[in-house]
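Thank you all for making the time this morning. I would like to walk you slowly through a few places in one structure, and I will ask you to keep the view open while I talk.

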Amino acid sequence: MQLHANVFGEGHPFIILHGFLGMGDNWKTLGKKIAEQGFEVHLIDQRNHGRSPHDDKFSYEIMAQDLVEYCNMHNLKHIDLMGHSMGGKTAMFFAVKHPKLINKLLVADIGPKYYPLHHQDILDGLSSLDFEVIKSRNETDRELSLYVSDVGVRMFLLKNLFWKDKGKLGLRVHLDALIKNASEIGVELPEDLSYQGNTLFLKGEKSKYIIDSDEDRIQRQFPNSKITEIASAGHWLHAENPTDFLTEVLSFVKK
C-alpha cells in the first residue's frame, strides 16, 4: 500500500504516526519545528486515514508492514520513529519486527498493554452523519455534539471533513473498515516480543493511558527505555503542552 505523507526539511529521517481518526496534518506545526533542527520529517497518513488508501484489512501487523514498504520505497534507513496513541502501537509493532530499520523510537501516551474499546460514542457519532442532509461544518458539529460532548475532540474529528464533490461533504477516514475492525485498536503487543533499542515513552500528566503499574511491563519489553511525563497535559500531550513535548523529543533524538 502506497501511504500518503507530507515531507518537510532535510537531514536524518524522522517519521511521525498519528492516532486513531487522525492524520499526518495534525502534526504539521510540530513536524516543521522538528524539521528545522536538521531532520527530514515524514508525516504519514496510516491506512484508512487521511489521504492514504482505504482497505478492509486493518491491524497493527498490517500497518507496520505498510511502514516497511514506505521506508523501502523512499530508501529510509535508521529512522527516528514517533507514534502517538494508535500510531504509537504501530511504532511498537514495527520496532519489534524490524529493529534494524530504527535509530530511535518515541511512543507518545500509549503502552504495550491491551486497552478496552472506548471509542464507541465517537464511532456512533461519525456513523450518524448523513451528508445527503448535512451541508456545512457547523451542521456536522451540531450532529456530532449529540454523541461527543467534548469540543476539543469534535474539533479534532472535524479535521476529517472535506468536500468530496461540489456541495457534498465527506470524511477522509474509511469508517466502515474502522468500525468493523474497532477491536484491533486496543490489542496488546504480544508479551514475548521486545525491542532492545533506545526508546522514549512520553506520557501526559493528566492522562490514564500509561499508569504506574504499566512501567514494569514497558521496561520488560523495552529494556532500553525511559518514561518522561509531560506536565499539564492529557492524552493529546503534543497539542496541550507542545513546548515541553518538543523539548523532550529533541533532547532524546539529538543525544
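Let us begin with a pair of strands, where Gly204 stands opposite Ile230 in strand 9. Please keep in mind throughout that this is a predicted model. Gly204 belongs to strand 8, residues 199-204, which runs parallel to strand 9, residues 225-230, and the two are joined by six bridges. If you follow the chain from strand 8 to strand 9, you pass through helix 8, residues 215-221, and this β-α-β crossover is right-handed.

Staying with helix 8, I would like you to look at Arg217, which has its place in this helix. Is Arg217 buried or exposed? With a relative accessible area of 13%, Arg217 is buried, because the cut-off for that word is under 20%. Its side chain makes a polar contact, at 2.8 Å, with the side chain of Gln221. Setting aside residues up to four places away in sequence, Arg217 touches Pro112, Lys113, Glu188, Leu189, Pro190 and Glu191.

Now to the salt bridges, of which the count comes to twelve. One of them is formed by Glu215 and Lys203, with the closest N and O atoms 3.7 Å apart. This pair links distant parts of the chain, since Glu215 is in helix 8 and Lys203 in strand 8, twelve residues apart. Glu215 counts as partly exposed at 27% relative accessibility, whereas Lys203, with a relative accessible area of 9%, is buried. There is also a network here, in which salt bridges that share partners join Glu188, Glu191, Arg217 and Arg220.

Please turn next to Arg47. Which side chains does Arg47 meet in salt bridges? One is that of Asp55, at 3.4 Å from N to O, and another is that of Asp66, at 2.7 Å from N to O. Arg47 lies in the loop between strand 3 (39-44) and helix 2 (60-73), while Asp66 lies in helix 2, so this pair ties together parts that are 19 residues apart in sequence. As for accessibility, Arg47 counts as buried at 7% and Asp66 counts as buried at 3%, whereas Asp55, at 25%, counts as partly exposed.

At the start of helix 6, a side-chain oxygen of Asp150 reaches to within 2.8 Å of the backbone nitrogen of Gly152. Within the helix, Val153, Arg154, Phe156, Leu157 and Leu158 are buried, and the buried residues of helix 6 pack against helix 4 (120-127), helix 5 (137-145) and strand 6.

Between helix 6 (151-158) and strand 6 (161-165) there is a loop, and in that loop you will find Asn160. Asn160 counts as buried, at 3% relative accessibility. To which backbone oxygen does the side chain of Asn160 reach? The oxygen is that of Leu21, at 2.9 Å. Leaving out residues up to four places away in sequence, Asn160 touches Leu21, Gly22 and Met23, and also Gly170, Leu171, Arg172 and Val173. For Asn160 and Arg172, which are twelve residues apart along the chain, the C-alpha atoms are separated by 5.1 Å.

That is where I will stop, and I am happy to go back to any of these places in the view.

Methods. Residues are numbered from 1 along each chain as its sequence is written. This is a predicted model: local features need pLDDT of at least 70, side-chain atom pairs count only at pLDDT 80 or more; totals for chains, interfaces and linings use all residues. Side-chain values use heavy atoms; hydrogens and water are left out. Two strands pair if DSSP finds at least two bridges between them. Helices (H or I, at least four residues) and strands (E, at least two) are DSSP runs, numbered from the N terminus. A crossover is right-handed if, with the strands pointing away from the viewer, the path from the first strand over the helix to the second runs clockwise. Buried means under 20% relative accessible area, exposed over 50%, partly exposed in between (1.4 Å probe, protein chains only). Contact means heavy atoms within 4.5 Å. A polar contact is a pair of N or O atoms within 3.5 Å; within protein, one must be able to donate a hydrogen and the other to accept it, and residues adjacent in sequence count only if both atoms are side-chain atoms. A salt bridge is a side-chain nitrogen of Lys or Arg within 4 Å of a carboxyl oxygen of Asp or Glu.
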